[in-house]
Amino acid sequence: MYVLLRQLATIRREASLARGRPRSLAIRHVDAGSCNGCEHELGAVTNPFHDLQRHGLDVVASPRHADILLVTGPVTTRMAERLLTAYRAMPEPRLVAALGDCALGCNVLGDPAELAGPLEDMLPVDIRIPGCPPTPDAIAEHILAGLKPGASRARARCS
Ligand code: SF4
């Protein structure tokens, strides 16, 4: 029964990611060392006004249930291993989204001695959301655009 449920979950995930129009995709957010500005906007995306859920996306508490790893902040040395642990815990297929200029490696925050390096060098980033911080509408737009088949995977510029 457990194996069957896992297979059904994988089929659902693959179908939703391949379609480019999410029906039910889960986002696991990891704050890798941000100033909380990006978290504030991310919180607003899920409020009743912006209502990210209407697009078939929602934020979940466990990486084991997640399809998209959404990272905010520059990756600090203290958070690097935790970030990789969350990524490894996610079932495949999985996507990585960088939210905000810090996650895009734009050197906005942090002492270089306390940063583990650009997120792009640690994980395969699929979706890039520039801004410091990006607005709730921009967050939703970039995630939805990044889910479309054939979406550009090129490195985004800083805002
Ligand atoms: S991108 Fe801007 S708002 Fe987001 S964590 Fe960095 S400094 Fe804060």
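Start by selecting strand 3 (68-72): five of its five residues are buried, so strand 3 is largely enclosed by the rest of the structure. A residue is buried if 20 or more other C-beta atoms lie within 10 Å of its own, exposed if 12 or fewer, and partly exposed in between, with C-beta atoms placed from the backbone. Helices (H or I, at least four residues) and strands (E, at least two) are DSSP runs, numbered from the N terminus.

This is a predicted model, in which local features need pLDDT of at least 70 and side-chain atom pairs count only at pLDDT 80 or more, while totals for chains, interfaces and linings use all residues. Residues are numbered from 1 along each chain as its sequence is written.

Show the side chains of strand 3. Ile68, Leu70 and Thr72 point one way, Leu69 and Val71 point the other way, and all are buried.

Five of them form an open sheet in the order 2-1-3-4-5, with parallel pairing; two strands pair if DSSP finds at least two bridges between them. At the edges are strand 2 (57-60) and strand 5, each of which pairs on one side only. From one strand to the next the twist averages 25 degrees. Axes here are lines fitted to C-alpha atoms, for helices over the stretch in contact, and angles run from 0 to 180 degrees between N-to-C directions.

Return to strand 3 and look at its two partners. Strand 1 runs parallel to strand 3 and is joined to it by five bridges; Ile27 stands opposite Ile68 in this pair. Strand 4 also pairs with strand 3 in the parallel sense, over five bridges. Across that pair, Val71 stands opposite Ala98 and Thr72 opposite Leu99.

Select strand 4. It is mostly covered, with five of its five residues buried. Leu95, Ala97 and Leu99 point one way from strand 4, and Val96 and Ala98 the other way.

What does Leu99 touch? Leaving out residues up to four places away in sequence, Leu99 touches Cys38, Leu42, Leu70, Val71, Thr72, Ile129, Pro134 and Ile139; a contact has C-beta atoms, placed from the backbone, within 7 Å.

Now colour the largest nonpolar core, which has 37 residues; Ile68, Leu69, Val71, Ala97, Ala98 and Leu99 touch the most other members. Such a core is a set of buried Ala, Val, Leu, Ile, Met, Phe, Trp, Tyr and Cys residues joined through C-beta atoms within 7 Å. Elements giving two or more residues to this core include strand 1 (25-31), helix 2 (37-45), helix 3 (77-89) and helix 5 (136-147). Strand 4 supplies the largest share, five residues.

**The ligand**

Select the ligand and its surroundings. There are 13 residues around it, the closest being Ser34, Gly37, Gly100, Cys102 and Cys132; a residue is near a molecule if its C-beta atom, placed from the backbone, lies within 6 Å of it. The shell has seven nonpolar, five polar and one charged residues. Ala, Val, Leu, Ile, Met, Phe, Trp, Tyr, Cys and Pro count as nonpolar, Asp, Glu, Lys and Arg as charged, and the others, Gly among them, as polar.

**The whole chain**

Zoom out last. The protein chain has five helices and five strands, in the pattern α-β-α-β-β-α-β-α-β-α along the sequence.

Methods
Two residues are in contact if their C-beta atoms, placed from the backbone, lie within 7 Å.
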